[in-house]
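Have a look at the sequence and the fold first, and then read on.

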Amino acid sequence: MPEFKLCYKTSNRATSKPMAIGFGISKLEHVKQVAEWGADGVIVDSAMVKLLGEAKSPEEGLKELETFTKSLKAALI
C-alpha cells in the first residue's frame, strides 16, 4: 500500500477537507495502517458485501458484519 500512502499524503497537502481512503481496504491491518497515516476516514465496501454474500443466511451475514465492523472500529480508537 505504499502507493496509496504517497497519494494520500500528496492529496492531503492540497486540501483542508477531510479525506477518507477506500480502495483495497478489506482487513483490520489495512484499517490500522491507513489510520496511522492520519486519514479522516476509511471506506470498507467490497469486504462487507463479500461477508454478506458468503453467509449461510441473512441473519448470519448481519451478525458477521456486526463483528467485522466492530473490529475495524476498535482499530481506530
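Let us begin with helix α4, whose buried residues are Gly61, Leu65, Phe68, Leu72 and Ala75. Looking down the axis of α4, these residues fall within an arc of 80 degrees, so they line one face of the helix. The arc is taken over the directions from the helix axis to the C-beta atoms. Buried stands for under 20% relative accessible area, exposed for over 50%, and partly exposed for anything in between, with a 1.4 Å probe and protein chains only. The other side of α4 carries Glu59, Leu62, Lys63, Thr67, Lys70 and Lys73, which are exposed. The cover over the buried residues of α4 includes α2 (28-37) and α3 (46-54). Helix α4 itself spans residues 58-76, and its 19 residues reach 27 Å from first C-alpha to last, close to the expected 27 Å. That expectation is 1.5 Å times one less than the number of residues.

A word on the ground rules. This is a predicted model in which residues are numbered from 1 along each chain as its sequence is written, and local features need pLDDT of at least 70, side-chain atom pairs count only at pLDDT 80 or more, while totals for chains, interfaces and linings use all residues. Side-chain values use heavy atoms, with hydrogens and water left out.

How confident is the predictor? On the pLDDT scale of confidence in each residue, from 0 to 100, the mean for the protein is 83, and 83% of its residues reach 70 or more. Confidence is lowest in helix α1 (residues 2-13), with a mean of 61, and highest in α3, with 92.

As for the overall layout, the protein has four helices and two strands, running α-β-α-β-α-α from the N terminus. These are DSSP runs numbered from the N terminus, with helices (H or I) of at least four residues and strands (E) of at least two. Of the 77 residues in the protein, 23% are buried.

Helix α2 also has a buried side, made up of His30, Val31, Val34 and Trp37. They cover an arc of only 120 degrees around the axis, which puts them on the same side of α2. Exposed Glu29 and Glu36 sit on the face of α2 turned away from that buried side. Glycine 38 follows α2 and has a positive phi, near 100 degrees.

Which residues form the largest nonpolar core? There are eleven: Ile21, Ile25, Val31, Val34, Trp37, Ala39, Val44, Ala47, Phe68, Leu72 and Ala75. Helices α2 and α4 each supply at least two residues of this core. Such a core is a set of buried Ala, Val, Leu, Ile, Met, Phe, Trp, Tyr and Cys residues joined through side-chain atoms within 4.5 Å.

Serine 26 lies in the loop between β1 (20-21) and α2, whereas alanine 35 is found in helix α2. Leaving aside neighbours within four places in sequence, serine 26 is in contact with Ala47 and Phe68, where contact means heavy atoms within 4.5 Å.

Notes: pLDDT = per-residue confidence, 0-100.
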